[in-house]
Structures are given as structure tokens and as C-alpha cells.
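Please consult the sequence and the structure together while reading.

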Amino acid sequence: MSAALLYGLVILSAIAHSVWNALVKSAGDRTLTMVAIRVAGLTLGLCALPLVDWPAPESWKWLGLTALIQFGYYALLIRSYGVGDMSVVYPLARGVAPVLTAIVAALAIGESLSTAKLAAVGLISLGIMALSFGAGAGGEAVGFALATGVSVAAYSFTSGVGVRAAGTVLGFQACLEIVTGLGMVAYALATRRSGLLAYARRHGAIGLLAGAASVIGFLAFLVAAQSLPLGPVVALRETSVIFGAVLGALVLKEGFGVRRIVASGFVVGGIALLAFAP
């Protein structure tokens, strides 16, 4: 598969990710919506498992670590959307992730940072600073958004390394969907059992739609991450901040003034430079 096609898949991943994030943000019960998303993934994973190759044993530790980090990511994302606007939380969380991923990839697996990529880090940081002020961007929202970004960088790195070790994209994702899905179902049964049926009747379809978008988006990311450098792949995926900010403004009726436009431009410009610089 050509690099151009793989980068196209990453753009698809970005669009899908912004859609399911908007659905989570707009949901009446974000926790149960996240559970529904993972139930969709669990169902698809169980259906796919008999038809795909089993991931190599070398990847199991990465799979387990990715699942643990993703549980933390779900909790942080839900809390972030509870205290801040999507058009602030989403760019912050997704903007910091490629910076951290590029640094970790350089240190851990030898993906070097050129001068241009260091400049990209500066652009993204500047955009993040600009997004850290104004309505909907209080200290608590910024803190949770940045913590969410750390978790995004962490699971992006571990899943990228894991899928390379697994030898199979579909097998790795099917197992990951099953592990995270079972974990979320167990959590819901332990803590929210009384509200499950009522939620499923009223909002289950939205959760399943978001789940399908989540699975498609992450599959596209894993396909690209299997053969392309992790830093640029994660960076390009985070162009979803543009889709997220637009959805926050148009669908969720959040403000989108000149400051946010300029700040988002810095973030996206840095991401583009990080993705395509030599």
C-alpha cells in the first residue's frame, strides 16, 4: 500500500475520531455513551476474531498496556468534556499528543526529530498556550485536557509498537476491542447497572454509531502505524482538531472567535509541519 494511501487512511481516522468525540460530548450520560461505544467495539471484535490471524505473543504485553492506558483515557476524556468546551478540550488534548509521541518515538525507537519538526513542536505549543485562555478554557478544563493528551500519546505509541509486533492489524485490533469492551462492560455492571436498560432504550443507537466510528478510525490508524513512522502518523491524525473545533462551534453551539481560529491555525500548522517535514 502506497504512503499516500496510508496517509489518506490517517485523515479518515481523524474525521471518524472527531465525529465520535462530538457524540460523546453531546451525550446526556457520557460514561454510558463510552460504554456503548466499547460494546460496539466488543461486538465487532468478537465477530472478527474467528476470521483473523491471532496476534504474535510478542505483542500481548503491548496490547495489555494499550488497554490499560485507554481505560485511563476514557475516564480523562469524560471528565474533560464535563468541565470544558469541546472546541477547547479537543484541540488541547489532541494537539499535545503528537508532540509527546514524537519525543517518545525519538527516544525509544530512534525516530529522529529534525529542525523542522522541532519548529513544529513550537507552533503546536504556541497554539496550546493560546487555547488555554478564555471562555470554556478554565484551569481545570486545561489540566484535564492536557492529561488526556498525555494518555493519547501513550496509547498511540504502545498500540503502534504493538501492531508492528503483532504481525496482523485486524487480529491486534480485534483482541484490543474485546479486552477494552469487556472491561467497560464490567465497570458498567458494577457501578451503573440500574441505568443501563433505560440508557440503551433512549440513547443506545447514538452510542453504537459512535462505536462504529471509533473502530473504523482506530483501524485506519493502526494500518498506517504498522509501516509509517509513528510521529508523523500521530501528528497527521491530530488534524482532527479542526473537525472537532468546527463541530464544537456548529453542532454544540460553542463560541469560536478570532483567538480560537488563530490558535487552531498554529496547532494545525505545527501538526502539518510535523507530519511532512523531512
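A crossing of two helices is called left-handed if the near helix is turned anticlockwise from the far one by less than a right angle, and right-handed if it is turned clockwise. Helices here are DSSP runs (H or I, at least four residues), numbered from the N terminus. The model is predicted: local features need pLDDT of at least 70, side-chain atom pairs count only at pLDDT 80 or more, and totals for chains, interfaces and linings use all residues. Residues are numbered from 1 along each chain as its sequence is written, and side-chain values use heavy atoms, with hydrogens and water left out.

Helix α8 (residues 196-225) passes helix α9 (residues 230-237) in a right-handed crossing. On the side of α8, the contact (heavy atoms within 4.5 Å) involves Phe218, Phe221, Ala224 and Ala225, and on the side of α9 it involves Leu230, Val233, Val234 and Arg237.

Phe218 and Phe221 also belong to a cluster linked by ring pairs, together with Phe71, Tyr73, Tyr74 and Tyr155. Rings of Phe, Tyr and Trp (its six-membered ring) pair if their centres lie within 6.5 Å; planes under 30 degrees apart count as stacked, over 60 as edge-to-face and the rest as tilted. Six aromatic pairs are counted by this rule. One of them joins Phe71 and Tyr74 edge-to-face, at 6.4 Å centre to centre and 75° between the planes. Both residues lie in helix α3 (residues 60-83), three residues apart, about one turn of the helix.

Terms used:
Helix = DSSP H or I, 4+ residues; strand = E, 2+ residues; numbered from the N terminus. Axes fitted to C-alpha atoms, helices over the stretch in contact; angles between N-to-C directions.
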